[in-house]
Amino acid sequence: TLQNAASGACLTTANNATANDTRAVLGACTAASARWTVLATPTGGTPVSEVVTSSPIAPTTAPLPGEVSEPVASAAPELPRVTIDTRMPTPTGRTIAVPAGGDLQGALDAAQPGDVITLANGATYRGNFVLGAKAPGGWIVVRPASLSGLPAEGERLAPARHAAAMPKIVSPNGMFALATPDAQSGKKTHGWRFVGLEIASNEAVDVAQTLIELGNTNERTLAALSSHFVFDRVWIHGRTTQHVHRCLAINAAHAAVIDSYFSDCHTRGGEGQVIAGWQTPGPVKIQNNYLEGGTIGVLFGGADPWISGMIPSDIEVRGNHFLKPLTWKGVWSAKNGFELKNAQRVLVEGNVFENNWMDAQAGYMILFTPLSQSNLAPWTTVRDVTFRHNLLRNSAQGFMISSRNAYGANATPLTDVTRRVLIEHNVLERVGGRAFLVSNELQDVTIAHNVVSNSEYVSLLLVGDSTNAPAQRLVFRDNLVGRGYMLVSGDGTGEGRVALNAYARDAVIAGNLAYSTVAPGVGRTDLYPTTNAFVADAALAGITSGTINGVVVPRAQVSSLSAFFRSGTGGTTPGADLAAVARATATAVQR
């Protein structure tokens with residue numbers, strides 16, 4: 001009987017299993033679990049069974065790196081405080097009909113809260129249209145004269161089926177098609193809902209700037225910001241061979257994009273986004289959209305805000321399909337799918353992020369990396385981020401989470417570090433290289449119950465330098481990972497505990513199940529906390545394929561018949577809740 005002096009628990013195996021690769025754990029001292037047998041085979045003889053007993057083993061005076069069972073005072077991220085009600089408002093005013101060739105700018109100027117502006121189905125309206133100055137107090141709806149050719153409220157638009165019925169707002173040049181008033185004019189606007197419209201760049205230019213500009217760089221106070229915008233079942237797009245800097249800029253308060261379709265938002269040799277916002281106090285909702293973007297899909301932060309203390313806040317990104325078509329590879333620049341450079345209270349849930357490759361950057365699909373681009377916003381931060389129930393598919397690398405970045409040799413240091421980030425119950429399918437890269441200095445980052453179906457290099461890479469403080473309360477637990485060559489590695493240090501000792505000594509690395517399809521046996525168990533398990537053959541360990549909305553994901557779950565079922569912390573099973581991922585992403589991909 002092998003008994004721990006500190007806990008009184010005995011050495012046993014998960015579910016009293018006896019198969020090869022069964023992990024040993026501390027558990028209840030039952031008669032069956034506490035008795036161990038050593039089989040000795042003398043030369044030329046037969047095996048002899050011998051019962052071995054020993055005295056209790058005294059614990060070490062301090063835990064080894066990664067051996068802490070729970071982080072000290074770990075803080076969970078705060079969810080968005082405000083969510084936007086995107087239900088269609090009831091009109092209370094006039095209906096202003098703008099026929100084909102009519103004065104749309106005049107209608108935008110004349111409309112008042114409660115009015116509806118109707119545009120002729122299929123007609124094209126060309127102009128750099130500026131929304132008229134409006135005081136808060138209601139909604140102005142801009143929509144087709146007939147809604148019969150559009151999807152119902154709450155359903156995503158599909159241009160192939162609905163474009164013929166949609167009025168078109170097209171830029172006459174390389175500038176915006178739709179914008180809020182310039183703050184230098186002393187004007188601002190509020191309360192606009194755009195429904196069932198096609199909003200596009202000019203087809204004759206090679207380079208298009210931002211197609212829709214909500215806010216601009218001239219606002220210097222919160223009071224100067226325009227607010228309350230909803231884009232509902234709209235098609236916003238560039239042209240197939242055209243450089244498009246940005247499809248939608250959200251630099252206003254209270255903005256939502258729902259059930260819409262973005263396409264051909266791409267550029268080469270620079271940076272562009274499908275949706276970006278750097279001067280919005282929030283809330284922002286991006287839900288149930290198709291987001292086709294080359295360089296970056298959705299970005300918050302990046303450019304420094306002109307309003308002191310501004311942090312984009314209370315952001316929901318749910319149920320979207322982020323896609324870079326594979327035909328764009330080598331044609332349009334690629335960086336990542338989703339990036340936060342300045343944001344707080346962010347919920348990213350139920351999205352499918354598909355296709356990303358090494359090009360303008362290293363190919364990480366998701367980046368959380370606080371950066372003051374012009375060194376004018378030292379308050380810049382990334383904090384309180386919840387990333388759950390998402391599917392990442394076909395990317396060169398997975399997540400990069402850095403603490404704070406200095407831009408240039410004379411950069412002003414940021415006053416905060418990345419903190420309170422939760423990444424849980426996500427599936428990373430065909431994600432090569434590094435699944436998760438995290439830097440030192442960050443605080444309260446938890447990566448738990450994720451599936452990495454294949455990582456060619458390392459599942460968790462720790463990076464940093466000796467001049468920065470170690471990460472605090474980093475948790476990496478209960479993940480099911482294809483570990484490639486290593487489960488945990490440190491830049492310039494090596495594998496396992498030496499990496500933790502250098503970059504995250506109080507980290508919790510527990511309950512993970514790692515299998516190798518690249519180099520069986522390379523990841524040695526003695527380099528890691530004992531609560532993690534390593535197997536050379538996924539099938540023999542009971543790691544099976546799973547199905548998410550009809551798509552088979554290899555090596556995605558632990559069978560209930562496996563010795564590793566419920567072998568994670570607290571009796572949980574390593575890996576993601578595939579049923580929850582399937583529910584959350586059920587309508588994200590609409591072919």
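User: How many cavities of 30 Å³ or more does the structure hold?
Analyst: This is a predicted model, and it holds 1 cavity of 30 Å³ or more.

User: What volume does the largest cavity have?
Analyst: Its volume is about 40 Å³.

User: Which residues line the largest cavity?
Analyst: The lining is made up of Leu291, Gly293, Gly297, Phe322, Leu323, Lys324, Asn336, Gly337, Glu354, Asn355 and Met365. Two or more of the lining residues come from each of strand 22 (290-293), strand 25 (321-323), strand 26 (336-340) and strand 28 (352-356).

User: And by class, what does the lining have?
Analyst: There are 4 nonpolar, 5 polar and 2 charged residues in the lining of the largest cavity.

User: Phe322 was in that list. Which ring does phenylalanine 322 pair with, and why is the pair stacked?
Analyst: Phenylalanine 322 pairs with phenylalanine 353; the ring centres are 4.4 Å apart and the planes lie at 25 degrees, so the pair counts as stacked, the cut-off being under 30 degrees.

User: Which residues do ring pairs link into a cluster?
Analyst: The cluster consists of Phe322, Phe338, Phe353, Phe368, Phe387, Phe399, Phe436 and Phe476.

User: How many aromatic pairs does a search of the whole structure find?
Analyst: The search finds 11 aromatic pairs. One of them joins phenylalanine 194 and phenylalanine 231, whose ring centres are 5.1 Å apart with planes at 15 degrees, so this pair is stacked. Phenylalanine 194 belongs to strand 12 (residues 190-195) and phenylalanine 231 to strand 15 (residues 227-232), 37 residues apart. Phenylalanine 194 counts as buried at 1% relative accessibility, and phenylalanine 231 is likewise buried at 1%.

User: Changing topic: how many residues has the largest nonpolar core, and which have the most contacts inside it?
Analyst: The largest nonpolar core has 99 residues, and those with the most contacts inside it are Ile117, Phe231, Phe262, Ile275, Phe338, Phe368 and Phe436. Another core lies apart from it, with 22 residues, including Val535, Val553, Ala556 and Ala588.

User: What does phenylalanine 262 touch?
Analyst: Leaving out residues up to four places away in sequence, phenylalanine 262 touches Ile236, Cys247, Leu248, Val257, Val274, Ile275, Tyr290, Leu291 and Glu292.

Methods
Residues numbered from 1 in each chain as written. Predicted model: local features only at pLDDT ≥ 70, side-chain atom pairs only at ≥ 80, totals over all residues. Heavy atoms only, no water. Core = buried A, V, L, I, M, F, W, Y, C linked by side-chain atoms within 4.5 Å. Buried < 20%, exposed > 50% of the residue type's maximum accessible area, 1.4 Å probe, protein only. Contact = heavy atoms within 4.5 Å. 1 Å grid on protein atoms, 1.4 Å probe; cavity = no way out; pocket = protein on both sides within 12 Å on 5 of 7 lines; lining within 4 Å. Points joined across faces, edges and corners; volume = space filled by probe spheres on them. Helix = DSSP H or I, 4+ residues; strand = E, 2+ residues; numbered from the N terminus. Nonpolar A, V, L, I, M, F, W, Y, C, P; charged D, E, K, R; others polar. Phe/Tyr/Trp six-rings, centres within 6.5 Å; stacked < 30°, edge-to-face > 60°.
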